[in-house]
Amino acid sequence: MSMDKAFYDNIIQNIFADPCEVKYWDGEVRRYGKGETKFRIDFHEAIAKSDFLSDPSLAFGEGYMQKKIDVDGALQGVIESIFNNQDSFLNEKKPYLKLARMISNNIRKSKEDVQYHYDIGNDFYQLWLDETMTYSCAYFQSPHDSLAQAQKNKVDHILRKLNLQAGQTLLDIGCGWGELILTAARTYGVKAMGVTLSKEQYARVLERIEEEKMGDLVEVRLIDFRELKGRTFDRIVSIGMIEHVGKVNLSGYFTAVKAFLNEGGVSLLHCITGYDGAGTNNWINKYIFPGGYIPAVDELVALLVANKFYLVDMESLREHYTKTLEHWSRNFEQALPVIRETKDETFIRMWRLYLNSCAASFHCGNIDLHQFLFTKGVKNDLPLTRRYMYE
């Protein structure tokens, strides 16, 4: 047995929680674990041992992107098998994760990072998102809900939690393609502003405002939220944005919300949350969300307390995000004939791995999704029970 094969033979014996097969670059197939095999890993060529040992997530991710590795079976299931094996060295906390968590995002870098991911083109996202163009965790009131229905459920769920009243002002930090601000204005008669760093999103929101003739109630600005001056709001919402600000800027986010929010105002933060850095890896940071950081629940609650906010409600939607990602993954695969007209196989394999690995991370509990509802100052006129959020 060659040195490379002996190395991987030893490693694979301890990586997966499920029995599997591995087909090596010389054609030999070896079985690992007892029982019926769940999947097969095909090595078309060996990955350098030094790369794998220094950063396994990056080595595996790049190996898959470059077709050095293939998977015969469900990609999400393979990744879950790694996560479910708590004894695997792949689940150890590595020093590079601490470095990734400390990367600072100033305003210029934040713009560059957001545009790297979101300005691929609206046409690309339209191929696999739902009709609302919502790129965040949906809310499935029934497992049979379509993705579009679940995304509308999510927006409705958030707006109900905010307890909106006609004539109030609402700020959406990181407004995406505008579904929430348009729905809020249309349904509740509030004046809504969205801010985004994505030029593609900004252009589409402007089109939607004009198409729906909502210019008297809705506005959008292409700026970093830290650049917003001289405005305050009765309600502030942020969905899937704080993960982009970086660890050192978390405190600044809450300081900004405190400055923008009127006394007695209500804010909702909807974001991915982590557990001891488990949701952070260098492959995601390099190829998908440069500059990203997934905060821990206790970290966010501590910042709420430090800014003298009152935490009213906290809800986990972890499995809702698993289902959302599974919908996106299926849509992505169905759209491949069109995607291949403009994207190469490396890009396609990168996005396939991203969607499946994120679904696996949520399903295995490596990462979570929480909504935090909080107020600036004591607010005694919110309903006494959570029933208002559902009726």
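Mentor: Let's take the ground rules, then rings, a helix, charges and backbone angles.

Trainee: What kind of model is it, and how are residues numbered?

Mentor: This is a predicted model, so local features need pLDDT of at least 70 and side-chain atom pairs count only at pLDDT 80 or more, while totals for chains, interfaces and linings use all residues. Residues are numbered from 1 along each chain as its sequence is written, and side-chain values use heavy atoms, with hydrogens and water left out.

Trainee: Rings, then. How many aromatic pairs are there?

Mentor: The count is 31 aromatic pairs. Rings of Phe, Tyr and Trp (its six-membered ring) pair if their centres lie within 6.5 Å; planes under 30 degrees apart are stacked, over 60 edge-to-face, and the rest tilted.

Trainee: Why is the pair of Phe 124 and Trp 128 put in its class?

Mentor: Their planes sit at 70°, with the ring centres 5.9 Å apart, so the pair is edge-to-face. Phe 124 is buried at 5% relative accessibility, and Trp 128 is buried at 0%. Buried means under 20% relative accessible area, exposed over 50%, and partly exposed in between (1.4 Å probe, protein chains only).

Trainee: And what about Trp 283 and Tyr 287?

Mentor: That aromatic pair is tilted, at 6.1 Å centre to centre and 35° between the planes. Both residues lie in helix α12 (residues 282-287), four residues apart, about one turn of the helix. Helices (H or I, at least four residues) and strands (E, at least two) are DSSP runs, numbered from the N terminus. An α-helix has 3.6 residues a turn, so residues three or four places apart point the same way. Trp 283 is buried at 3%, and Tyr 287 is buried at 17%.

Trainee: Which residues do ring pairs link into a cluster?

Mentor: Among them are Phe 124, Trp 128, Tyr 321, Trp 328, Phe 332 and Phe 347.

Trainee: Which ring faces have a Lys over them?

Mentor: Lys 343 lies over the face of Phe 347, at 5.0 Å from the ring centre. Lys 323 does that for Phe 140, at 5.2 Å. The rule is NZ of Lys or CZ of Arg within 6 Å of the ring centre and within 35 degrees of the ring normal.

Trainee: Switching to helix α14: how far does it reach?

Mentor: Helix α14 (residues 318-334) has 17 residues and reaches 25 Å from its first C-alpha to its last, close to the 24 Å expected. The expected span is 1.5 Å times one less than the number of residues. The buried residues of α14 include Tyr 321, Trp 328 and Phe 332, and those three also belong to the ring cluster.

Trainee: Now charges. How many salt bridges turn up?

Mentor: A search of the whole structure finds 30. A salt bridge is a side-chain nitrogen of Lys or Arg within 4 Å of a carboxyl oxygen of Asp or Glu.

Trainee: Which ones link distant parts of the chain?

Mentor: One of them joins Glu 62 and Lys 286 at 3.0 Å, N to O. Glu 62 is in helix α3 (residues 56-65) and Lys 286 in helix α12, 224 residues apart. Glu 62 is buried at 19%, whereas Lys 286 is partly exposed at 45%. Another is Asp 70 with Arg 349, at 2.8 Å, N to O. Here strand β4 (residues 69-72) holds Asp 70 and helix α16 (residues 345-364) holds Arg 349, 279 residues apart. Asp 70 is partly exposed at 21%, and Arg 349 is buried at 5%.

Trainee: What's up with Asp 172?

Mentor: Asp 172, in strand β5 (residues 169-173), is buried yet has no salt bridge. The nearest side chain of opposite charge, Lys 154, is 9.6 Å away. Lys and Arg count as positive and Asp and Glu as negative; His and the chain ends are not counted. Leaving aside neighbours within four places in sequence, Asp 172 is in contact (heavy atoms within 4.5 Å) with residues including Leu 180, Met 193 and Val 237.

Trainee: Last topic: where does Met 133 sit, and what is its phi?

Mentor: Met 133 is in the loop between α7 (122-126) and α8 (147-161). Its phi is near 55°, a positive value in a residue other than glycine. Met 133 is buried at 9% relative accessibility. Lys 67 has a positive phi too, near 65°, and is found in the loop between α3 and β4. Lys 67 is partly exposed, at 43%.
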